[in-house]
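This briefing is intended for a reader who is meeting the structure for the first time. Please view the sequence and the model first, and then read the points below.

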Amino acid sequence: MPKSIIRRWLPSPEEIRAKNGLKFLGTLLHDPNLFHLNRHSVSVAFAVGVFTSFLPLPGQMIIATLLALWLRCNLPLSIILVWISNPITMPAIFYSTYKLGSWALGTPPVDFSIELSWEWLTTEVEKIWMPLFAGSLLAGAFFAALAYFAIRALWRWHVVKRWKLRLERRSAIG
């Protein structure tokens, strides 16, 4: 993969360590694996970020950070990929995962309308949380595995392509 392109988008390890909000992590941020751009680190980071983006929980970035620390994969990439679920994509993602969870659990989908109120949160979420969470876990696991293997395949394809170009250049010179 073109590391230079990825590096342009990611903050440096020094910038991340300098953040006041991350001081509580102490020496955990000094692990070089959290900032490496290699096939393993990037593919696991994609899996972490994609999986976490499907979770219907607040604090997805914190969850992605903890998973990246635990799995020792690229931390900035894991956090950035959480933004797959953003205010624009969230309704479609969570509605589809709710439908998937209803189907997987064999429960009929409940008709509901969303209101931004505490009353709605306490009454309606109780009805839909189980299918929503089950569907989110299923979809998150599926798309995380898909992202993991796609990145590994793309990385391998890129490396093979570079090797072939290098061999062609060497044979043209010699």
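## Overview

Of the 174 residues in the protein chain, 33% are buried, where buried means under 20% relative accessible area, exposed means over 50%, and partly exposed lies in between (1.4 Å probe, protein chains only). The model is a predicted one, in which local features need pLDDT of at least 70 and side-chain atom pairs count only at pLDDT 80 or more, while totals for chains, interfaces and linings use all residues. Residues are numbered from 1 along each chain as its sequence is written, and side-chain values use heavy atoms, with hydrogens and water left out.

**Fold and overall form**

- The protein chain contains seven helices and zero strands; helices (H or I, at least four residues) and strands (E, at least two) are DSSP runs, numbered from the N terminus.
- The protein chain has a radius of gyration of 20 Å, well over the 16 Å that the globule rule gives for 174 residues, so it is more spread out than a compact globule. The radius is taken over C-alpha atoms, and the rule is 2.2 Å times the number of residues to the power 0.38.
- Along the principal axes, the C-alpha atoms of the protein chain fill a box of roughly 75 × 40 × 25 Å.
- Contact means heavy atoms within 4.5 Å. Among contacts in the protein chain between residues at least 6 apart in sequence, 72% join residues at least 24 apart.

**Surface and charge**

- The accessible surface of the protein chain is about 11400 Å², and 69% of that surface belongs to carbon and sulfur atoms. Accessible areas come from the Shrake-Rupley method with a 1.4 Å probe, and for residues only the protein chains shown count as cover.
- There are 18 positive and 9 negative side chains in the protein chain, with the centres of the two sets 24 Å apart. Lys and Arg count as positive and Asp and Glu as negative, whereas His and the chain ends are not counted. The place of a charge is taken as NZ of Lys, CZ of Arg, CG of Asp or CD of Glu.

**Annotated regions**

- An unreviewed UniProt entry carries the annotation "transmembrane region" for residues 44–70, 77–98 and 128–155. UniProt positions are given in the numbering used here, feature names are shortened, and annotations may be inferred rather than shown by experiment.
- Residues 77–98 are 64% helix and 0% strand, with 27 Å between the end C-alpha atoms.
- Residues 128–155 are 100% helix and 0% strand, with 39 Å between the end C-alpha atoms.

- A45 is part of helix α3 and counts as buried because its relative accessibility is 0%. Leaving aside neighbours within four places in sequence, A45 is in contact with C73, N74, L77, S78 and L81.
- A45 and I79 are 34 residues apart in sequence, and their C-alpha atoms are 8.4 Å apart in space.
- F46 also belongs to helix α3 (residues 39–53), but F46 counts as partly exposed because its relative accessibility is 22%. Not counting residues up to four places away in sequence, F46 touches L77, L81, A147 and I151.
- T52 lies in helix α3 and is buried at 0% relative accessibility. Not counting residues up to four places away in sequence, T52 touches Q60, I63, A64, L67 and V82.

**Helix α5**

- S78 is in helix α5 (residues 75–81) and is buried, with a relative accessible area of 0%.
- Leaving aside neighbours within four places in sequence, the contacts of S78 are A45, V48, G49, A64, A68 and C73.

**Loop residues**

- R72 sits in the loop between α4 (60–71) and α5 and counts as partly exposed at 43% relative accessibility.
- Phi of R72 is near 55 degrees, a positive value in a residue other than glycine. Most residues other than glycine have a negative phi.
- L29 is located in the loop between α2 (13–17) and α3 and counts as buried at 2% relative accessibility.
- L29 and A134 are 105 residues apart along the chain, and their C-alpha atoms are separated by 32 Å.
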